[in-house]
Amino acid sequence: MRRLFVLIAAGIAAHAPAALEPDWPVRLALFQGGPEIQAFERAGELLVRPDDLRVLGLSVRLDGASAEVARGEVRVRAPLHPRTGKLAIEPLAQALGLELRRPTVQAPQAALLATVSRVFADANGFGFESSHPVQIRSFRLQDPSRLVIDLKGAKLGASASLELAPGTRAAQHQPDTVRLVLETDREVRGGLPETAQGGSWMLANPDEVSSEPVPPPTATEQPPAPPLPTVGPLLATRSTPTEQTFELRLPPDWTTKCRIERAAPDRLVLRVPAAQWVPPEAPLPALRSIETESDGVSLQIALNMERPMGVRSVVERNLLRFTLVRPDVGDGKLAGKVVVVDAGHGGSDPGARSLGGKVLEKDLNLAMALEIANQLTRSGADVILTRASDVFLPLRERSEIANRSNAAFFISVHVNSNRVSNSRSGTMVFHHKTDPIGQLLADCIQREIGKTSGLPNLGTWSDGRIYASGFAVLRYAKMPAVLLELGFINHATDLRRIQTEDFRKKVASAVVKGLRVFLGDGQQEGR
Ligand SMILES: [Zn+2]
């Protein structure tokens, strides 16, 4: 009887997730229907075993009392529960730009949802931007005739930008679904992918029938299904002095499931679902080695490059095509290179302000820029400051100073601010759009800042995520250019830290190190 009683109690608890038992199990999925792990509920908090997060496509590194969890370029450090070694998922998800949907009686499975930051639509097309891939489902409704696009596993961000022309609308339709509706008879040109992390699509002209050609069956399709699909071989195709293109053959429809991540300036990781790796027959140009690792759920293919390189990739039907871009680094030494250091704002433009309004961003930027200039000069670089005092300078002039002096690098120094005070903390580095060299430089520098600044590492960001045309100073600069956001001026902890000499010294030396890694001068420090 005792056993029966326990079972009943368990049954009740499953539908009323109050903390009847410590560590009550809950299923947790990466979006509804996505890969799933076991989470545990305790006193209203959802906990997970850090190792399980890998199933959700997050990379995890444990060290002592904490774990470093990363998805793409965003990295977060989180403390482990001292006794159980588990992690609280909610703050972690937030930091990664994911939203936790808690289990309810109707939907007992918890889910992590991508944040949709932008939705746009007009009579000719539509698109969206999201923090992580979402599932896309589309269908038609009549009277009036309208096209419905559901983004599943998605939450419309609180500050999402909605650019919707008349006859189009977007809203959170269900707790895990953002719905976009277009009043139109037209269909999507080329069709929609099953999953995407944002994108834009045009509508077909009314007279176009279907522009999507049906792929002919190919001879490579084998009737008896192998136990695991194969990935590879990796082939080197086009080669120029500065670029090396590769093609990786994937099973059909896997291109959206394949991600390229930068694990280090000279190491890329391709992640695909569980598969059998077909190794290349001969060594490949631009690569030192390839390592693969399989955990039964996913296959990771690490490409160790000859040196830090930028990467550009496109996916086609069953092909991942990517190009490694070699930066032009001259003699590979920092000494003798012209580096333009730009202290953001100045004069009549104070930039962001602290909570009480006493501390101005322009002053923090200048103090920081002077220290960066100081350390770069000591490393032998020729430094030009766009401003060395509290004066106003137009945005375009800042980049033109770098263009006129034929600088090797342009580094703009800023301190961040956001709408809600004390809500966000950490450093990030912006690059222009999808420029592979800017991305690489941003990664080299942010990786070093993240190691020493004492503030959370918020990773590298494309300026296209903030403005469609990016930041003016990065857009006009003709050389590798980055914009540093060194903590949040409206976060008390950040502000205290930013104002210390120790912070300035550590960030400045991280910038020097990052440039050296980019140049291949002191590359061992990149990892
Ligand atoms: Zn600023």
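Reply: Let's begin with the whole chain and then zoom in. Of the contacts in the chain with a separation of 6 or more, 63% are between residues 24 or more positions apart. Keep in mind that this is a predicted model. The chain has 527 residues, and 39% of them are buried. Its secondary structure comes to eight helices and 33 strands.

Now for the close look: an open sheet made of three strands. Their order is β4-β5-β6, and they pair in the antiparallel sense. The strands at the edges are β4, residues 59-63, and β6, residues 74-79; each has a single partner strand, so one side of each has no neighbour in the sheet. On average, neighbouring strands here are turned by 20 degrees against each other, if you ignore direction.

What holds strands together in a sheet? In general, strands of a sheet pair through backbone hydrogen bonds, and the pairing can be parallel or antiparallel. In this sheet, take β5, which covers residues 66-71: it pairs with β6 over six bridges, in the antiparallel sense.

For another antiparallel pair, jump along to β24 (residues 287-294) and β25 (residues 298-305), which pair over seven bridges. Here Glu293 has Gln300 in β25 as its bridge partner. These two strands form a hairpin with three residues between them, and in that hairpin Gly296 takes a positive phi near 85 degrees.

Terms used:
Residues numbered from 1 in each chain as written. Predicted model: local features only at pLDDT ≥ 70, side-chain atom pairs only at ≥ 80, totals over all residues. Pairing = 2+ DSSP bridges. Helix = DSSP H or I, 4+ residues; strand = E, 2+ residues; numbered from the N terminus. Axes fitted to C-alpha atoms, helices over the stretch in contact; angles between N-to-C directions. Buried ≥ 20, exposed ≤ 12 C-beta atoms within 10 Å, placed from the backbone. Contact = placed C-beta atoms within 7 Å.
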